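Dear colleague,

I am passing the structure below on to you, and my notes on what was found in it follow directly after.

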Amino acid sequence: MNRPEFDELAELWQDELDPLEQARMEANARAARRRGRLYDYLEYFLGIALVAIFVAGSFITASPLTIAVGVPLMIGITWLTWRRRALRQMARTLNTSDRAAFIESSLHYARANLRRNTIGLVSIPLLVPMALAFKVSLRTGGGPHEVWQALLQWSQTPRAAITILLLTILGGFTVLSRRKIRREIRRLEQLRRGYELEAERESEA
Amino acid sequence: MAANGSKDELFGQVISSCTGLISRIALSYEADPALRHELIQDIMLAIWLALKNYRGEASLKTFAASIAQKRCISHVTKRAREPRQVELPVDLVSALPPPDEIVLRNDQKKRLVESIQLLPIPQREAIVLAFEGFSYVEISEILGITPNAAMLRCQRAKTTLKSIMEQRS
């Protein structure tokens, strides 16, 4: 491609946006700024609200069993919230120095996402019975025998069937998300190979 | 924070001077208009989030282009399925009723955009930056390679683009 051909294509490429598209772009930009500000506050607010609910619950019926279930639950939620925030931060601070570093940090992020997904798959079956026990202990006053009986009764109700169905659907979504992340990792690895090939050609030349 | 002003002021400058650039970079990666709209929103959000790290070492245009390219690469690797070939609108250049010359120009632009979308990503980002008027030094800063490597990559991208366009004509 000679210089005049290139200039002609560059001029064609750089054709002005029409005013409607320009206005839409500016609206997009303003919406992005609002979203950016909102994200900064929302995550902390959610974490604090969840912990406040469980702290309040623990003090209303402060039996040993309630506290024994409530405290690990609080720790679990705090840890999960913190972890999610750290992962999102990682996405924001993707290495900007060069493409190899960018692809590496994207891969790192995708793999961290896959780990988060695994944590989700493992923690749902553990956290849900704990949350149920916590709720029942609040209602019954906290004895292990009463809680166990109440859980047995609950398991025979339509509500239990609905909960299990919802958990199964949630598990299904998690598995689908897992496939998507694996696909992303595969594409990133292919892209890394593409950049390596370009670099090899450049060093040969 | 950059020496040139607050985050809000800098973002205002991005809106006023880089929207065309961002829109065209997104176009080189996403043919589907609805998905492209989402991609542009993501790019804008990423620029907003990244502005706190902008120190003014490079121009704001270079900074915005660099983030836009990276967001586009993430978009391509994250999408649910391989893209189908979406027919680009015939009025890609202008919304006005097209006389013959505009029809021809629109057709040429459509062919150019479709050919760029078929380039391998490393070459695609180099040629798009060259079309946007960035020098080899600026391209090398954005891509994190040497100016010489940027020049070689642009040359290879031009050759590949020309052959794709010839095949499609």
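How many helices and how many strands does chain B have? Chain B has seven helices and zero strands, where helices (H or I, at least four residues) and strands (E, at least two) are DSSP runs numbered from the N terminus.

Please bear in mind that this is a predicted model, in which local features need pLDDT of at least 70 and side-chain atom pairs count only at pLDDT 80 or more, while totals for chains, interfaces and linings use all residues. Residues are numbered from 1 along each chain as its sequence is written, and chains are lettered from A and ligands numbered from 1 in the order in which they are written.

Of the 169 residues in chain B, 43% are buried (20 or more other C-beta atoms, placed from the backbone, within 10 Å of the residue's own).

Within chain B, helix α1 (residues 7–27) packs against helix α2 (residues 33–50) at an angle of about 140 degrees, their axes lying 10 Å apart; axes are lines fitted to C-alpha atoms over the stretch in contact, and angles run from 0 to 180 degrees between N-to-C directions. That makes α1(B) oblique to α2(B), the class left once angles under 35, over 145 and from 65 to 115 degrees are set aside.

Between the chains, the contact (C-beta atoms, placed from the backbone, within 7 Å) takes 40 residues from chain A and 38 residues from chain B. On the side of chain A that touches chain B, α2(A) gives the largest share, twelve residues.

Best regards

Methods:
A residue is buried if 20 or more other C-beta atoms lie within 10 Å of its own, exposed if 12 or fewer, and partly exposed in between; C-beta atoms are placed from the backbone. Two residues are in contact if their C-beta atoms, placed from the backbone, lie within 7 Å.
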